[in-house]
Amino acid sequence: MAELTSELPPLIATHGLGFAYAELALFRDLDLCLRPGTALVLCGSNGSGKSTLLRLLGGLLLPDEGHVERAREHTTGDPAAIAWLGHHLGLKNGLSVIENLHWYCGVHGRNRRMTPSTALQTVGLDGFDHVPTRELSAGQRKRVALARLLLSPAPVWLLDEPYANLDPQGWLLVDRLVDHHLRSGGCAVLSVHRPDQAAFEGPRVLLDLDAAR
Amino acid sequence: MMRAFFALLARDLRLALRRRFDLLQPLYFAVLVCLLTTLAIGPEPALLARLAAAVTWIAVLLALLLALDGLFRPDAEDGSLELLLTAPAPLPVLVLAKVLAFWMVVLLPLIACTPLFANMLHLPPSLWLPLLVTLLLATPCLAWLGAVCAALTVQARRGGALLALLLLPLTVPVLIAALGTIDAAAQGLPMRPPLLMLAAGSVAACSLGPFACAAALRLGLR
């Protein structure tokens, strides 16, 4: 359904994916294919299954039918790693900003070209390193989560409403990050409220989940 | 893989040390259970001494139950469980780090305070050592049983009550073996066989627990 003319093998693909909550069928027979350097933008009304599809792609939910396939890393044979940005950001209130980034890097590995401090500078939280996370505003917390994306070495980004809670400069920041990620050979799936919100330059496919039902 | 293990262990220990009150809660609870027992039974040191080991064990079990809800639920609520589930490191390794941290911040202080409970309950000094040894040997097993039950109930809305109903029946064999050991010690019988049973239980729990717990967490995704 969603395919771009890129010759590289897909990083993440779904085959005949179907999912339903009790009686409510969200989608069935969904074939997606995300190659390096492309993005998939999910839109649709509330409850149309944007978050559900992201959770299915991330392996946080098991599909009723079909399956999700991730590319294998050449060296290790492990499935391509995932960087997840969900509704709940996964920041520990009891830790400082930098400590939150440190434990994430420990568990998920770190992009060699980034350090936690430079990532914080990039997302506009210069000097916030040792501020307790509980004192941050919703937008600032979102920026910390974006810094985590920058640090992650994962080629597959799954972002659930990355633009929510951010100011217009924050939207530009998300666009810049996604752009850079796509240009360096990654792929991203984003859920948005309005399709025009995702203003990054890279190639993208728009999937309207209201129409896919 | 080891990096992920130590990163998560350090995170959980640091979080626990920052919230001292949460750390003291299970201890305070166990003290209260012992105190209520002494008040309910009244000034009868002989009767108390006979019940002391059993009451201490039950106090530790209840305190464990109280603390267990905090093992996975905060992670599930703030979204960091999703980050652990999507991590490239194997989930059993991450679960091992979490349960080890839990044992260190909840069960180790409880074990360290058992002389206090024993003293409150007039346990004969000759039985302090057997009590401590049974707790040390059995708590890894209890921690893993608890962790699996906590993982199973983490997505349930009223998980706390369900956790108690699930966990307490599973602890019966451990309780029987532990109090059997102390009874044997009180009667001057050899303690080795029941202690070996407890140790075997803990070894089995530590080797199977991480996988069972990881599977239970993934089961909650459905």
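The legends below describe close-up views of a predicted model.

**View 1. An open, antiparallel sheet of three strands in chain A.** The strands follow one another in the order β2-β1-β4 in chain A, and their pairing is antiparallel. The edges of this sheet are formed by β2 (24–34) and β4 (65–70) of chain A, each of which pairs on one side only. From one strand to the next, the twist averages 20°.

**View 2. The pairing of β1 with β4 in chain A.** Strand β1 of chain A, which comprises residues 12–21, pairs with β4(A) in the antiparallel sense over five bridges. A:H15 has A:H67, a residue of β4(A), as its bridge partner.

**View 3. Helix α1 of chain A lying across the sheet strands β1, β2 and β4.** This helix, residues 50–58 of chain A, lies across β1, β2 and β4 of the chain and runs at about 130° to β1(A).

View 4. Most residues other than glycine have a negative phi. A:E161 counts as buried because it has 20 C-beta neighbours inside 10 Å, whereas A:N165, with 16 other C-beta atoms within 10 Å, is partly exposed.

Technical notes:
Residues numbered from 1 in each chain as written. Chains lettered and ligands numbered in written order. Predicted model: local features only at pLDDT ≥ 70, side-chain atom pairs only at ≥ 80, totals over all residues. Pairing = 2+ DSSP bridges. Helix = DSSP H or I, 4+ residues; strand = E, 2+ residues; numbered from the N terminus. Axes fitted to C-alpha atoms, helices over the stretch in contact; angles between N-to-C directions. Contact = placed C-beta atoms within 7 Å. Buried ≥ 20, exposed ≤ 12 C-beta atoms within 10 Å, placed from the backbone.
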